[in-house]
Amino acid sequence: VWIHGAFNPATGEATFVLSGKRDSASHIQLLEKVIHTFPADRLLIIEDNLSTHHSRDTAVALAAWPEIQILFLPKYACWLNLIEPWWKTLRSLALKGRRFEDADTLRSSIYQGTVYWNDHRHPYVWRKSYNSN
């Protein structure tokens with residue numbers, strides 16, 4: 001099971017698409033879901049440099065959505081990706097300490113964890129941690 005996710009730092013709301021593989025079609029499904037979940041005249045989406053984000057199929061899909069602008073993070077700068085803290089939280093809510101007997105149970109847990117997060121969401125405030133040394 002692959003999870004493809006999007007996170008709105010202004011509201012804290014998250015959404016995702018589950019798929020059997022990590023491919024451009026799944027990424028395009030996520031982009032469609034983002035359009036419906038976060039309706040706006042203009043969407044600025046920040047992505048890492050995963051190959052599916054740069055694929056020809058994704059580029060063709062984006063041509064049909066002029067309201068979407070994509071910005072790519074610099075390579076080797078994963079700490080700038082604001083969805084990473086949400087992935088950590090989702091792992092804690094849905095996966096930590098659990099064993100899943102089948103993919104359906106795993107999917108259900110991811111869904112329930114995301115529902116819980118969205119019910120208790122808050123805007124994400126990005127802070128640089130300072131070392132007191």
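The buried residues of helix H3 are covered by parts that include helix H1 (24-37), helix H2 (51-54) and strand E4 (68-72), where contact means heavy atoms within 4.5 Å. Helices (H or I, at least four residues) and strands (E, at least two) are DSSP runs, numbered from the N terminus. This is a predicted model, in which local features need pLDDT of at least 70 and side-chain atom pairs count only at pLDDT 80 or more, while totals for chains, interfaces and linings use all residues. Residues are numbered from 1 along each chain as its sequence is written, and side-chain values use heavy atoms, with hydrogens and water left out.

Within H3 (residues 56-63), the buried residues are Thr 58, Ala 61 and Leu 62, buried being under 20% relative accessible area, exposed over 50%, and partly exposed in between (1.4 Å probe, protein chains only). Seen down the axis of H3, these buried residues fall within an arc of 100°, so they line one face of the helix; the arc is that of the directions from the helix axis to the C-beta atoms. An α-helix has 3.6 residues a turn, so residues three or four places apart point the same way. On the other side of H3, Arg 56, Val 60 and Ala 63 are exposed.

We turn next to the aromatic rings. The structure holds 2 aromatic pairs, and rings of Phe, Tyr and Trp (its six-membered ring) pair if their centres lie within 6.5 Å, with planes under 30 degrees apart counted as stacked, over 60 as edge-to-face and the rest as tilted. The ring centres of Phe 7 and Tyr 124 are 6.1 Å apart and their planes stand at 75°, so this pair is edge-to-face. Because Phe 7 lies in strand E1 (residues 2-7) and Tyr 124 in the segment after helix H5 (103-119), the pair ties together parts that are 117 residues apart in sequence. Phe 7 counts as buried at 14% relative accessibility, whereas Tyr 124 is partly exposed at 26%. The other pair, Trp 86 and Trp 87, is tilted, with 5.2 Å centre to centre and 50° between the planes; Trp 86 is buried at 2%, and Trp 87 is buried at 15%.
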